[in-house]
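The exercises below are meant to be worked through with the sequence and the model side by side. Each task is followed by a solution that goes step by step.

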Amino acid sequence: MKVFTAEQIYKADKVTLEKQQISSDALMERAALQIFQWMHLRMQGAPVKIHLFCGIGNNGGDGIALARHLFEHGYEIAVYVVKYSDKRSKDFMINLDRLKDRKIWPVYMDADTDMPEIHPNDIIVDAIFGIGLNRTPDAWVAQIIKHLNTSKAFILSVDIPSGLFTDSVPEDKEAVIKANYVLSFQVPKLVFFLPQTGIYVDHWEVLDIGLDTDFLMNAKTDYELISKNEVLQFYRPREKYSHKGTYGHALIIGGSYGKIGAVTLASSAALKVGSGLVTAYVPECGYEILQTAIPEVMVISNGKSNIEDIEFDLEPTAVGIGIGMGTTDTSVKALENFLNRNKLPLVIDADALNILSQNQELLDLIPEKSILTPHPKELERLVGKWKDDFEKLEKVKRFSKERKLVVVIKGAHTITLFDGRGYINTTGNPGMATAGSGDTLTGIITGLMAQGYPSLQAAIFGVYIHGRSGDIAIEETGYQALIASDITKSIGSAFLDLFKVSEHERSDTSEKES
Ligand SMILES: NC(=O)C1=CN([C@@H]2O[C@H](COP(=O)(O)OP(=O)(O)OC[C@H]3O[C@@H](n4cnc5c(N)ncnc54)[C@H](OP(=O)(O)O)[C@@H]3O)[C@@H](O)[C@H]2O)[C@@H](O)CC1
Ligand SMILES: Nc1ncnc2c1ncn2[C@@H]1O[C@H](COP(=O)(O)OP(=O)(O)O)[C@@H](O)[C@H]1O
Ligand SMILES: [K+]
């Protein structure tokens, strides 16, 4: 699913009105009806008080139109208009009149109005600001937002939490609605997925308001959201007359005394995603450990407690390097020598990334389309500090484009960047914030590359499978008890899950068939 900028959404809006020959008020009505239906389906007329806080622009207009539908279906509502500006949008006014026609009189709020009482069991609809927010809300509006945030009532935001910009991090962190649920029109917004702005969104869902499909299909976006639909096209089925040679040979290079587990985790993950052969390249202290821990993996050793040189006469189809390797002078020399000889695109993680950060001239030796998988600290060492998440993305985009590398920014929503485009992952959970979870990812991506997945696909698909495996694993372990090897154990289920049809999809198909 594409992630549009506010500018593109306004454009889609305009094109839709022209192509479908409808008024903007009709489009607002569609939007409001979609939200109403979403609420009505869940609430079924429940006698819960709904407070609708509306601005004076089109987001406010959506809220006002929604109030009318709720009222007409017997819900108990209270409507507030937050008068943050003297201007009013045309469609806001049309809907306000319709509300007044029904003898519903909103409470107009300005800097002097007392805060309304809200019971924790009530519901708040937040329609104060939408994607038109272009400056920090005034202090009194921020006070209202704080009041809503501390009410403990369930907050449903229309389109985007009020106070959240679409393209920057809010200055006043308290002047933003913390939404329990966001119903976003047609497309999700980038800010739902970044660490500094995603914290305002517990859950989100997209509502289809029928914007022009041609425009949506043809628009080029900087970001794409990666779910099952997007990765299914990458999946490569196993051929009947294939053999282990068909599925490549993954080589995992890393480990040092006390950190052999990292290589063990990565190697077993590489096997589990289907790599035909897997060899681990470790110091001698890891030899027996690996041979005992994973009988399916072959082992080459070099150096006693650290790898001293990287040389082998096998022909891997993909190499994952760096985990648990250490950053001593010996490791730096070994990596440099290897990079001078190597021609294959690599998966580079952990200490190999740290070595590259400290010896940036080595970056020139990395083959194009190699994959770098830094966690936030490793990324900072590599590209320097950033002011906020947006600057981080721009910096990494530039770095990746200049060097023609795939950079996987690991986090709650891992973002893979390549050639100026970002792929935002939707799987994974906080249980995966655990030792070795990244090593597993390195193994998964290397295992996919070994089988011939091009590197961008291997990164996007690998990140998805890693997260989905973690999601499946917590069904048994819960968040706290999840450990990295549980992720690997669930890789098989994550592959099977690719072909499961969800309840939602099933009912969609049967509706179309009937
Ligand atoms: N996508 C779609 O196709 C559809 C979208 N729809 C809905 O439209 C929403 C966008 O509506 P919108 O453009 O009217 O902007 P909105 O956010 O309501 O703000 C209103 C105005 O407030 C102003 N302003 C900004 N910041 C301010 C501040 N800090 N303090 C004071 N004032 C401030 C600024 O005007 P300015 O004062 O800068 O001239 C701004 O224009 C969208 O989120 C969705 O809900 C649906 O109805 C139908 C289909
Ligand atoms: N809160 C979270 N939600 C989802 N995934 C997470 C979360 N925290 C961490 N992860 C994932 O777990 C992995 C952690 O990697 P990393 O920090 O390198 O771990 P390690 O170095 O211990 O192996 C990454 O793939 C990251 O995306
Ligand atoms: K809103």
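**Exercise 1.** Sort the shell around ligand 2 by residue class, and find which helix gives the largest share of that shell.

Solution. By class, the shell holds six nonpolar, nine polar and two charged residues, where Ala, Val, Leu, Ile, Met, Phe, Trp, Tyr, Cys and Pro count as nonpolar, Asp, Glu, Lys and Arg as charged, and the others, Gly among them, as polar. Of the 17 residues around ligand 2, the nearest are H375, G428, A433, S437 and G438, a residue being near if its C-beta atom, placed from the backbone, lies within 6 Å of the molecule. Helix α14 (residues 437-450) supplies the largest share, four residues; helices (H or I, at least four residues) and strands (E, at least two) are DSSP runs, numbered from the N terminus.

Before going on, note that this is a predicted model, in which local features need pLDDT of at least 70 and side-chain atom pairs count only at pLDDT 80 or more, while totals for chains, interfaces and linings use all residues. Residues are numbered from 1 along each chain as its sequence is written, and chains are lettered from A and ligands numbered from 1 in the order in which they are written.

**Exercise 2.** Describe how domain 1 and domain 2 meet.

Solution. The assignment, which is automatic or from a database, gives domain 1 (2-221) and domain 2 (231-497). In all, 10 residues of domain 1 are in contact with seven residues of domain 2, contact meaning that the C-beta atoms, placed from the backbone, lie within 7 Å. On the side of domain 1 that touches domain 2, the residues divide into five nonpolar, four polar and one charged.

Key: Two residues are in contact if their C-beta atoms, placed from the backbone, lie within 7 Å.
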